[in-house]
Structures are given as structure tokens and as C-alpha cells.
Amino acid sequence: MRDSFLPFSPPLIDDDEIQEVVDSLRSGWITTGPKCRQFEESFAARLEAPGALALNSCTAALHTALAVLGVGPGDEVITTTMTFCSTVGVIEHVGATPVLVDIEPDTLNMDPARVAEAVSERTKVILPVHYAGHPCDMDAIRSLAVTHEIAIIEDAAHSLPAKYKDTWIGQADNPACFSFYATKNLTTAEGGMLTGSPEFLEKARVASLHGMSRDAWKRYDKGGSWYYEVVMPGFKYNMPDIMAAMGLAQMRKLERMQERRRAIVARYLEELADLPLILPVERDEVESAWHLFPIRLKLDELSIDRNGFIDHLAGQNIGTSVHFIPIHTHPYFRTKYNWPDSDFPQAMAAYESLVTIPLNPSLSDDDVTDVVTAVRQALGRS
Ligand SMILES: Cc1ncc(COP(=O)(O)O)c(C=O)c1O
């Protein structure tokens, strides 16, 4: 057994982040300002996105996008049951109705065939979630959106950087929402980024900061004017420069961190291949961001169940997680919508056997060996 606990996904912070944050603290400007603008520019450039708006979470980005598109009571938003609760929480926040669909068995992404069945006269948005960093089948989703004149808002919390065919997730004109939460591929502790067309982002910038026509940096900086107008009841979702400072340093090492992720994935795919597991896939037409490495136990070939497996790894000092508890099974949604499990056969089958093992650039080669060894032992195949 390892001497020390292997955390599931610690951030990779070094002197560069510390120096950038100190620079921000010493500069006299700590909230939204020059570092945010720089972070937005470097993020948009990396993804060849039409523009980017830094916010304080992906949840904030999703909420802002729905609000700016005017989604509200009477509207339906189609998304997946295999996601984090905030994807669906924001639909409730704008007063719209979430419509959940089942997933594809290989990628665990929303199944476009199920989306097609779920489209109604009231559908306003399709909200794909690129699960674990693997892009959804965007051609099929875009074709439905065009046919039925429905908007797309992408939950790209896991997918920095990921590519679908020749396009980066975030490169298209429709809104895409990224997360910089502590466990994500790039972190600002808490944070998010919204990409989309310049016209959309202009409205989103206003909506995300009290509905004010001018932000504080423009008002308080030299030459700024005290005057502003409130043009709508907005949110308080802006990213402070202290967080953007971390983001700038993290952007500079994103490629290095992704290279390390891919090297670890290659080892897992090779060293776990002979076990009674379903391993994650990367379809030919995509580049996954490899945010997570969710494995599924072939329960009919094993005497251990998912929880026993997690306990075994915890006993070996290895942290794991489960992505995700299907949304429709949470008490709030069960009570409100009474969605039956039988509407989500793929998600329910996956959930029963699903465990996410550590995948992050801080893992050493020895850490990866420890994970592989513990997985083999738990499955009785050491
Ligand atoms: C799929 C998905 N969407 C949205 C979020 C919310 O991100 P944030 O914590 O930045 O609001 C998460 C967070 O883990 C997530 O996994």
C-alpha cells in the first residue's frame, strides 16, 4: 500500500502562478481588470474562438448564456442526465423546463437519437455536455438545431482543449461554457469562461455584471467616467484579476499538462486492457481533453461491486470519484419531474459500474503504477 494518500485531482501550481498572483496583489488592482482581459485574449486565441468572457464559474457562464438568449418560463432545454447538477440547476434558475435524455454507450455523451425524440415546439436550447472531455456528436446535434431553429449552448466544463473534427470546442459562434474549478484541466481555484460571437458576448458582459453599461475598471481607471447605466437586472458573475492571474500562468503550461495527461491515458489504456473493465474511448473524429478517466466494471465477470471497488482503492490510499450520479435520480428532480429510470437505460447501466480513477498532470510514473496495481488487486487479477 502507498504511504501517503493519492488525491483524486490536486491542482498543479508552481512559482509561475504564485508570481502572477503576487503581481496582481501588488498592482493595486485585484478585481476584474487588465489580467482578466489578457486571460480572455489568450484563451480565445488558443481555441481560435470569436471571443471570450471570463466569469467566476462555469455555472455562471451557463446561467448567463441562458439568460442572454432569453430562455425562460414555457421554454424547454434538452440536456443529458449524465452531468453535474449545475448544468440542470441553471435551467431551473431561468424558469425553463429541463428535458433529460439518455446517453451513448461508448462515450456516455448525450445520444442525438434521443435528442431528436425529445425535440418539441417548446424546445429553445440543446445543451450538450462533453463528458470527461470527449466531444459530443456535434454534427448530429447541429443538424437538429438547424432543422428546428434551436440554439446550442455547450457545457464545455471538461473539454479544454478538445477538438471535434477540425473545430475546437469553443471555436464556434454559439455559447460554450468552460470551468476552471480546482480539479479541472486548467484551474483558477474557481472560475469559468464563456465563448461565443462578439455580439452575444457584449450582451453577456453586461448581464454578468449587474446589467451595467460600463465595468468598474473602465470607471475607476485613469480617464474613466463615473457615469454608468443599468440596462437590465444583471448578475454578479465577473472574474477577479487575482483569479485571472492564476489562469494566465496555467494557460502557459496547458500544453505541457495535456501532454502529461495523454501519457498517463496511454499507460492506463495499455496496462488495464486485459481486465474485466470497459475503458473510455476516443473516437477517430475527435481529440479528447481527457479531463477524466472513468472506467466501468464488468460486474457480471466480477464478485466485487462498484462501491466495494472504491473501498478497496481507498484502503490502498487512492482517491476516486464517480461522474456522475444521473440527474434524474436526485431527490429534487425525482420529486419534481418523476422521470422513470427506464427512460435512461444506458445511463443507469453505466452508473451502476462507474468509477473515475485519478488522471491529472501531477501524477508521477510511480503514482500511475500504484493506481494500476490497486485496480488489478481490487479485481482479483494482480
Ligand atoms: C459537466 C459540468 N458542468 C458544469 C460544472 C460546473 O462548473 P463550475 O464549478 O465551474 O461552476 C461542472 C463542475 O464540475 C461539470 O462537471
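Two strands count as paired if DSSP finds at least two bridges between them, and the strands themselves are DSSP runs (E, at least two residues), just as helices are runs of H or I with at least four residues, all numbered from the N terminus. The model here is a predicted one, where local features need pLDDT of at least 70 and side-chain atom pairs count only at pLDDT 80 or more, while totals for chains, interfaces and linings use all residues. Residue numbers start from 1 along each chain as its sequence is written, and side-chain values use heavy atoms, with hydrogens and water left out.

Now for the ligand. It is surrounded by 15 residues, the closest being T59, D155, H158, S179 and K184; being near takes a heavy atom within 4 Å. By class, this shell has 5 nonpolar, 8 polar and 2 charged residues. Polar contacts are pairs of N or O atoms within 3.5 Å. An N or O atom in the side chain of S179 lies 2.7 Å from a ligand oxygen, and one in the side chain of H158 lies 2.8 Å from a ligand oxygen. C58 uses its backbone instead, with an N or O atom 2.9 Å from an oxygen atom of the ligand. The elements giving two or more residues to the shell are α3 (58-68) and α4 (85-93).

Methods. Polar contact = N/O pair within 3.5 Å; in protein donor to acceptor, adjacent residues only side chain to side chain. Nonpolar A, V, L, I, M, F, W, Y, C, P; charged D, E, K, R; others polar.
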